[in-house]
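Please look over the sequence and the model shown below before reading on.

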Amino acid sequence: MTITGEMLIGATAHRGSQGEFRAVDPATGEALDPVFGGGGAADVERACALAWAAFDSFRETGLEQRAAFLETVAQNILDIGDDLITRAMAESGLPRARLEGERGRTVGQLRLFAQVVREGSWVEARIDPALPARTPLPRADIRQRHIALGPVAVFGASNFPLAFSVAGGDTASAFAAGCPVVVKGHGAHPGTSELVGRAIQAAVASCGLPEGVFSLLFGTGNEIGTALVADPRIKAVGFTGSRRGGLALMEVAAKRPEPIPVYAEMSSINPVFLMPAALASRAEALGKAFVASLTMGAGQFCTNPGILLVVDGPDLDRFVAAATEALGGSAASTMLTPGIHAAFDSGVAKLAGSGAVTMLARGLACSGPNQAQAAFFTTTAEAFLADPELQEEVFGAASLLIRCPDVAAMTAVAEKLEGQLTATLQMDAADRAAVAGLIPTLERKAGRILANGWPTGVEVCHAMVHGGPFPATSDPRSTSVGTLAIRRFLRPVCYQDIPADLLPESLRDGNPLGLWRRVDGELGRG
Ligand SMILES: NC(=O)C1=CN([C@@H]2O[C@H](COP(=O)(O)OP(=O)(O)OC[C@H]3O[C@@H](n4cnc5c(N)ncnc54)[C@H](O)[C@@H]3O)[C@@H](O)[C@H]2O)C=CC1
Ligand SMILES: O=C(O)CCC(=O)C(=O)O
């Protein structure tokens, strides 16, 4: 499939006229062909008008048709073949195996949402039949279902060119809910975005859906994203990226005449608690496993283990010795963009320059452009509590070990942490009582609590929560990974005494769709 450098607006391809840009291969620093045209206000207007025109029809597509659409998108992505992988490798510096895995995750995610759509319980149909004889007042016939929120703006993430981008989790869950999607593609991987965008565009056509169900825009600055979020026809936003970018878009959304929800996944340092018994029994193994999690993908995961909390003592020294040895031998790796690389270097320099922090180890020296050397630092609980800047995310393979005098100090540090995507416990049986004391704090702080694993690598499943209190996300009530993500793009509507033939099928007597419904409080398929 040829990459043309055009945006995809409804069924058309359109070259933007507001500036030009090219993707850069971060491994070589070279600009890649073709030249992309940046979009402007007129392109946002056209994409949003088409999305709005498609909305009422798309949200009422039958469950089978919508599921088949998601499956067609998945198949079309696979059908692009190796061109997708080689282009994503060139635009991101990520290795083949990682991108092949990410493609599998993207396709699997679309297929999982197809199953969710077909199964139908997301409609959450409820029926409270009329009680005309009730005294002192009769009850009306009251029915509820969930409907799609409206067209959704999705911002592709730089660090997952497939799974969190044009056809990533935000798009899949919005489509599943029945929302048209307008994607603002990430400037780091426009070719990958165009290829995937064309796969979606073809699926819209072959499934007989209105063209406005999907558009893909590019832009050279912040204007296009701002205009998209400000457009009155957009009713929700999905975003993965920087805290600054997420906050800026939240502000745009909040200042609209009609404010809308922004589901932004932004910044997390993912504390790992190395509990005393676990440390005593396996300090060396933990040191090696920690470095593997930290350096995976050049550390470019929002789930990266950015801080470790540990009780000081000889077992900690064993852990540090193993971790510094592993990290000292870790190869420098190419980061996604020159900007992300520069941000990593300046974050590491800031930690190294802090009087309260000691450098423990650096990875092997860099041998090419945009490469990052992993970095491992230490400080004390007291110093960490005194300096809120030590909590700032350094996006990449950098981590700060916090030496605590006892478990109570670990809890005190946990209490001071900002909201997190994850909190990890390395624990043995003898740590259970201490962990039981920590868990209430961790439940308040994080979206996912895990034991004896590492936070990187998020399973796409029904029970996953990839979310958490601010600044991990802008809305702790939801998740951006897993099937619960569909809820972000739905809202309840209640029908009171609406004539039977005007009710949506999901709420009709006799349950023609065979859905799970709550009738007079009882869940069933009746
Ligand atoms: N926590 C996480 O999951 C991630 C964090 N990051 C952080 O973000 C930094 C920059 O990386 P990017 O991925 O480029 O994130 P970014 O937040 O700068 O950009 C993400 C998307 O939002 C748009 N955008 C950003 N600010 C905007 C604004 N004020 N108005 C309108 N649109 C705006 C960009 O054009 C892009 O499409 C990294 O160095 C890292 O610190 C990046 C990726 C994931
Ligand atoms: O590790 C994952 O699978 C998800 C991580 C993520 O959401 C991110 O890095 O932005």
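## The chain as a whole

Of the 526 residues of the chain, 57% count as buried, where buried means under 20% relative accessible area, exposed means over 50% and partly exposed lies in between, with a 1.4 Å probe and protein chains only. This is a predicted model, in which local features need pLDDT of at least 70 and side-chain atom pairs count only at pLDDT 80 or more, while totals for chains, interfaces and linings use all residues. Residues are numbered from 1 along each chain as its sequence is written, chains are lettered from A and ligands numbered from 1 in the order in which they are written, and side-chain values use heavy atoms, with hydrogens and water left out.

The chain holds 14 helices and 25 strands, which are DSSP runs numbered from the N terminus, helices (H or I) having at least four residues and strands (E) at least two. The radius of gyration of the chain is 25 Å, close to the 24 Å that the globule rule gives for 526 residues, so the chain is as compact as a globular protein of that length; the radius is taken over C-alpha atoms, and the rule is 2.2 Å times the number of residues to the power 0.38. Taken along the principal axes, the C-alpha atoms fill a box of roughly 75 × 65 × 40 Å. Among contacts between residues at least 6 apart in sequence, 76% join residues at least 24 apart, a contact being heavy atoms within 4.5 Å.

The UniProt record, in an unreviewed entry, lists residues 17–459 as "domain: Aldehyde dehydrogenase"; its positions are given in the numbering used here, feature names are shortened, and annotations may be inferred rather than shown by experiment. Over residues 17–459 the chain is 45% helix and 19% strand, and the end C-alpha atoms are 40 Å apart.

## Pockets and cavities

Rolling a probe the size of a water molecule over the atoms shows where empty space is left. On a 1 Å grid over the protein atoms alone, a cavity is a set of points where a 1.4 Å probe fits but cannot get out, a pocket is an open set with protein on both sides within 12 Å along at least five of seven lines, and lining residues have an atom within 4 Å of a point. Grid points are joined across faces, edges and corners, and a volume is the space filled by probe spheres set on the points.

By this rule there are 4 cavities of 30 Å³ or more.

| Space | Volume |
|---|---|
| Largest pocket | about 1600 Å³ |
| Second largest pocket | about 400 Å³ |
| Largest cavity | about 150 Å³ |
| Second largest cavity | about 80 Å³ |

The largest pocket is lined by 48 residues, of which Gly241, Ser242, Arg243, Arg244 and Gly245 lie nearest its centre. Helix H11 (338–353) is one of the elements that supply at least two residues of this lining, and with 8 residues H11 gives the largest share. By class, the lining has 16 nonpolar, 22 polar and 10 charged residues; Ala, Val, Leu, Ile, Met, Phe, Trp, Tyr, Cys and Pro count as nonpolar, Asp, Glu, Lys and Arg as charged, and the others, Gly among them, as polar.

The second largest pocket has 17 lining residues, with Glu119, Ser121, Trp122, Glu124 and Arg487 nearest its centre. Its lining divides into 7 nonpolar, 4 polar and 6 charged residues.

For the largest cavity, strand E20 (residues 398–404) provides the largest share of the lining, 3 residues, and the lining divides into 10 nonpolar, 6 polar and 2 charged residues.

Ala153 is found in strand E9 and is buried, with a relative accessible area of 0%. Although Ala153 and Gly238 are 85 residues apart along the chain, their C-alpha atoms are separated by 6.3 Å, and Gly238 is among the residues in contact with Ala153.

Asn159 lies in the loop between strand E9 (152–155) and helix H5 (169–177), and is buried with a relative accessible area of 5%. Beyond its neighbours within four places in sequence, Asn159 has contacts that include Gln300, Phe301 and Cys302.

Thr334 has its place in strand E16 (residues 333–334) and is buried at a relative accessible area of 15%. Leaving out residues up to four places away in sequence, Thr334 touches Gln300 and Pro369, among others.
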